[in-house]
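Welcome! Have a look at the structure below, then work through the exercises one step at a time.

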Amino acid sequence: QVQLVESGGGLVQAGGSLRLSCAASGRTDSSSAMGWFRQAPGKEREFVAHITRTSANTYYAAYADSVRGRFTISRDNAKNTVFLQMNSLKPEDTAVYYCAADFVGRWLPKVPAGYDYWGQGTQVTVSS
């Protein structure tokens with residue numbers, strides 16, 4: 001059974017930065033894709049970023065339009081951990097952030113259905 005544990009959320013002022021981490025345990029193989037999604041109160045869960053393995057040592061990252069240029073996703077395969085560096089945060093970034101992992105290789109990294117496992121979420125609150 002895979003477990004994903006997020007950390008790094010909190011309260012920050014607009015313009016500030018946070019770094020989220022997501023550690024995967026329970027499997028020794030590297031995931032095909034890892035992603036970050038977020039969900040604000042009353043809204044659907046939305047895609048934020050993903051990083052997907054395209055070959056043995058090559059990865060592709062993509063971002064939602066709303067965060068491109070401000071957020072950076074990265075992964076440490078040795079530690080089975082994915083990070084989300086969030087800079088220039090805005091109040092509209094306030095949400096619960098979830099990490100997700102795909103070990104099958106569905107190649108659907110921008111939708112929730114593309115992932116097998118989810119973390120419990122970490123709250124990010126950006127004050128104006």
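Buried means under 20% relative accessible area, exposed means over 50%, and partly exposed lies in between, with a 1.4 Å probe and protein chains only. The model is predicted, so to speak of local features a pLDDT of at least 70 is needed, side-chain atom pairs count only at pLDDT 80 or more, and totals for chains, interfaces and linings use all residues. Residues are numbered from 1 along each chain as its sequence is written, and side-chain values use heavy atoms, leaving out hydrogens and water.

**Exercise 1. Find S88 and N80, and decide whether each is buried, partly exposed or exposed.**

Step 1: S88 is in the loop between β8 and β9, while N80 sits in the loop between β7 and β8. Strands are DSSP runs (E, at least two residues), numbered from the N terminus.

Step 2: S88 counts as partly exposed because its relative accessibility is 42%. N80 has a relative accessible area of 10%, so N80 is buried.

Step 3: Now look at the backbone. Most residues other than glycine have a negative phi. Phi of S88 is near 50 degrees, a positive value, and phi of N80 is near 50 degrees, also positive.

**Exercise 2. Describe the surroundings of T122.**

Step 1: Locate T122 in strand β11, which covers residues 122–127.

Step 2: T122 counts as buried, because its relative accessibility is 11%.

Step 3: List its contacts (heavy atoms within 4.5 Å). Leaving aside neighbours within four places in sequence, T122 touches E6, G9, L20, A95, V96 and Y97.

Step 4: Pick out G9, whose backbone nitrogen lies 3.3 Å from a polar atom of the T122 side chain.

**Exercise 3. Which residues have the most contacts inside the largest nonpolar core?**

Step 1: Recall that a nonpolar core is a set of buried Ala, Val, Leu, Ile, Met, Phe, Trp, Tyr and Cys residues joined through side-chain atoms within 4.5 Å.

Step 2: The largest such core has 33 residues, and W36, L84, M86 and Y97 have the most contacts inside it.

Step 3: Trace where the core comes from. Strands supplying at least two of its residues include β3 (18–25), β4 (33–39) and β11. The largest share, 5 residues, comes from β9.

Notes. Helix = DSSP H or I, 4+ residues; strand = E, 2+ residues; numbered from the N terminus. Polar contact = N/O pair within 3.5 Å; in protein donor to acceptor, adjacent residues only side chain to side chain.
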